[in-house]
Amino acid sequence: MNPKILGVRVSMLFHFYGWRLRRHTAQELLAGSGIAVGVALVFGVLAANTSVFGSASELVHGLTGSAQYQLVARSAHGFDERLAQQAGRLPGVQYATPLLRENAIIVGPYGRRPIQLIGITPSIVTLGGAATRNLDVGSLLLAGGLGVPVDIARAVGVRSRQPVTVLVNGDAARSRVRVVLDKSTVGSVADSSAVVSLLPFAQALMHERGRVTQVLIKARPGAERQVAAELRRFAAGRIDVKPADNELRLLAEASKPNDQSTTLFAAISVMVGFLLALNAMLLTVPERRRTVAELRTQGFDWRQVLLVLGFEALVLGLISSIAGILLGDALSRTFFHHVPAYLTFAFPVGAQHVVHTRTILLALGCGVLATLIASLPPVFDLRPSRRADAILREAGGDSEGFGTDTTLWLGGAGVAIMLVVTGLVLIVPSLTIVGGVLLALATLCLIPAVFAVTARALARFSEHIHGSMLVVAVNELNATSTRSIALAGVAALAIYGSVAVGGAQHDLLRGLDRTTTEYLNTADVWVTTDDNIFIADRFASEGTAAAIARAPGVSAVRVYQGDMLDVGARRLWVRARPADDPQMLQPSQLLRGDLGRATARLRQGGWMAISAGFAAEHDLDVGGTFALPTPSGRVRLGVAAITTNVGWPPGAVTLNTSDYSRYWQTRDPTALEVSLQPGVSALAGRATVARALAGRPGLQAQTAAQRIDLYEADTRQGLKSLGEISTLLLIAAALAIASALSATIWQRRARLASLKIQGFDRQQLWRALLLESAVVLGIGCAVGAVLGVYGHALASRALKLTTGFPAEFSLGELQVFITLTLVACIALIVVAFPGFLASRVSPRASFQE
Amino acid sequence: MSSLELLDVVKHYAGGGEVVRAVDGVSLTVAAGEFVALYGPSGSGKTTLLLMAAGLMAPDSGSVLFDGRDVARLAERESAMFRRNEVGFVFQGFHLMGGASALDNAAIKLVGDGATLAEARRLARPWLERVGLSERADHKPGRLSIGERQRVAIARALVNEPKLLLADEPTGNLDSRRGQQILTLIRELCSERGIPALLVTHDPQAVAFVDRVLTLQDGRLDDEPRAELRAVSP
């Protein structure tokens, strides 16, 4: 079986490529590496991006199985379990299975881990979810104990039948691991923090007898609409009726800013990858042009030559892209795979690595397409007017440069794109990410013009300097302008992405730090359950507040309450402060409304402060009202102020604890704010409070400063992936530029040798090579930095306007400087070595063409 | 006036378990203003001899004297200065810088010697005129014909007013008409400026333009000119 394509045997295509590979192994390896690095960046970013949502999707669907609807409580306190039984008897309902979910901490001999404790009933098996279908037997195994995912069990050092402690609702309960759950039993739950037990056991642990937080509903075939209507009537406005996988919709909203940032990086990585591939392929152009000439001389027609070139590019693209995908997979598993802590607290996000087929195909497609496009230059030799070009025209002629018209056209396009982006983003801030991708394109378009102007200016400048190697450097740059422009483009894109996203990230961190400080400085000491970063896990006070109030040095103890509340596609952060709290709102987070008036209204009750995104979605402004879906039904509250999202992407609602207690039907605190008497230090006060907490091992006392540190660490952890992607992009770009520059330099050894014969010594040549590299990097870095700062300003504005994040633009000169220095230093240090070796080339090499 | 002298020069290469005697006891002199062709087939040792004359390779034994100095034994920096200040070199492959104009290519050598580009251009322009390319001074190599590129290379070789001109197959890439023009030019420059010129070639037509032809065969000079040269010998 050896078919012919256009008269060429397939085996011959492999032979041709084999010959090429043997003759130009180093060049093919370099080209392949460039493509692989680009594909790895694209794949790594995309895979990291899809993993958070993918793991949550597997987990949610693993639990909900074939359920279409759910009744879900509006607070962690849940609702009466009997409602689940009644729901099961509604017309059209085939199955109804209750769940009880609560955040907790599991403590074993090796340490502690935050978990989500889920109480289930054996009826969940009827839904056939991947995580529960094997629990038929498991329900027996779970009897009287916990099913702990294998990773959690390993982390805390427990095995089946061993005792553990569960900290929940402020108390510690001794329990026993009944079974360690692995993938074969519970699928993706094994990679999550979901610890399961039978419902009565979970209720006992949580002191929530007869309560559930969720009922999964499966309708009989054809009865879906009827069941939805029945459930809404049944819920009577006090319980939410949502699709079974509603968590995913809420997660998508919460992780949108993170996803958008990584999408921008993915788009930049695609461009960087393409440029790396293009540059790598440009290095092979002279050889491939010779191949074209040889094939034509041997009587191959243009279609056959095209077939040979296309086949070679396809094989190179495929092999390199597969290598890139493997590398990208490793990157996404190691560097990029950090699930932000704030998401794991609010959503069932697992740690599993999820890669979709479309991600693989996209990365593969990008790699192969980039290789095919980058392989095009020799194809121009197939035009009838240039039939002999491959033989007659030497490399370094005008064919390698950008024409003046092209440069002007591209420069004009770059400026036009910048103007369009500016207009677009000013009018529609939500299009900032699209604008960011377009700005990256503008960066590339501007490079040839900046390159031409710089080369001309340097040439002028060098005319009057004695013995300047700048003359040699500029001439070499002009001789390989396409390659130099592609390399400057890689540097520019990496710097652009890093400065734009890094700058916005920096603004965001400053804003978040400020809001955190203001938010937590209302008390000297905070008492909360462990790992409770949103202060939304409640505990029974049971006289704890009174005990602390009696402790020496304590002047006041206030009850703080908080929760998560699902409204539409947003999981809002509800924060309730007592009316006597020194500060009801964080002044720096106020966007609209008068601080004094808003504070007075919040203290008075019947008012709330809401985040800008939520307000915009419901067309609300200060003085308006909104019917908030609370556990006691819809309650109309006035809007006292519009705030930022205080760091939680879906937004926040702030009200006073009287309103909260009334509408959420609980007096349980989620924190106690402790004020100390004058002269008592925070640390001494914390120690006093800790002593008063004796007997409540599930509660911890922290000074405001300790709690601020914890928040800031979590914030930074949440943004860690972005920083790592940015750094990796920079390092990869710097190394890729360095290797491509090194290859370019190495390829020119014969010309360097000829310069030596003309009397240039090796220091002069080395200087010229370093200058050349510095100019390429300088152009790329400068254009990238300018556009990056502009992108940063637009991104910060969008963060504030569209997501309501507390981000204030600041230039961040130091960060820009560090970024530029990092890329320039890595590239120049790497280039210095091959440059040094190349400058030592024997003059005799000029005779060995 | 300077002359080039090679005295009993020997150069061996070791490779594949064999020792190849690339140059085997060659002695020759190129007097001031004399244009000498070193003729021989591929592998006869011509380029090795040229490299030794330029101080780029040291002989295993013997001496290469220019102006009384043994140029093959110079330190690297001195050797570079020797080539920069005293030698003009013309390559078969031109080795022009693709991004530089014809004028800048001709001038580049002077930049390496500490001149500004503006000064170097001023000094190079007459040489470009001398080789007939004043109209094409601003053109880059990609827009010059192959013959024109070689003329730029010759202008570059002469721009420092060398005391010795060495040429490695300068007509190897040219058609016979252009080749003759180049050789005529070298000959004129050589006698006009009174400098010794050594031409390495295997083009029999080239020998018609030189003062003397030396034939190299297996690393040794032949006493008798080869048959194909007799018809064209000067």
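This is a predicted model: local features need pLDDT of at least 70, side-chain atom pairs count only at pLDDT 80 or more; totals for chains, interfaces and linings use all residues.
Mentor: Residues are numbered from 1 along each chain as its sequence is written, and chains are lettered from A and ligands numbered from 1 in the order in which they are written.

Trainee: What makes up the secondary structure of chain A?

Mentor: Chain A has 29 helices and 23 strands. Helices (H or I, at least four residues) and strands (E, at least two) are DSSP runs, numbered from the N terminus. The C-alpha atoms of chain A fill a box of roughly 95 × 70 × 50 Å along the principal axes.

Trainee: Why are α10(A) and α17(A) called roughly parallel?

Mentor: Helix α10 (residues 256-283) of chain A packs against helix α17 (residues 432-462) of chain A at an angle of about 25°, with the axes 9 Å apart. Axes are lines fitted to C-alpha atoms, for helices over the stretch in contact, and angles run from 0 to 180 degrees between N-to-C directions. Angles under 35 degrees count as roughly parallel, over 145 as roughly antiparallel, 65 to 115 as roughly perpendicular and the rest as oblique. α10(A) and α17(A) are therefore roughly parallel to each other.

Trainee: Which residues of α10(A) and α17(A) meet?

Mentor: In α10(A), A:Q260, A:T263, A:L264, A:A267, A:I268 and A:M271 meet A:I433, A:G436, A:V437, A:A440 and A:L444 of α17(A). The contact has eight nonpolar, three polar and no charged residues. Ala, Val, Leu, Ile, Met, Phe, Trp, Tyr, Cys and Pro count as nonpolar, Asp, Glu, Lys and Arg as charged, and the others, Gly among them, as polar. Two residues are in contact if their C-beta atoms, placed from the backbone, lie within 7 Å.

Trainee: Why does A:G414 count as buried?

Mentor: A residue is buried if 20 or more other C-beta atoms lie within 10 Å of its own, exposed if 12 or fewer, and partly exposed in between, with C-beta atoms placed from the backbone. A:G414 has 23 C-beta neighbours inside 10 Å, so A:G414 counts as buried. A:G414 is found in helix α16 (residues 404-427) of chain A. Leaving aside neighbours within four places in sequence, A:G414 is in contact with A:A442, A:C445 and A:L446. A:G414 and A:L446 are 32 residues apart in sequence and 5.3 Å apart in space, C-alpha to C-alpha.

Trainee: How much of chain A counts as buried?

Mentor: Of its 849 residues, 56% count as buried.

Trainee: Which residues touch the most other members of the largest nonpolar core?

Mentor: A:V490, A:A491, A:A733, A:I737 and A:V823 do, in a core of 212 residues. A nonpolar core is a set of buried Ala, Val, Leu, Ile, Met, Phe, Trp, Tyr and Cys residues joined through C-beta atoms within 7 Å.

Trainee: How many residues does each chain give to the contact between chains A and B?

Mentor: Chain B gives 35 residues and chain A gives 34. On the side of chain B, α2(B) gives the most, with six residues.
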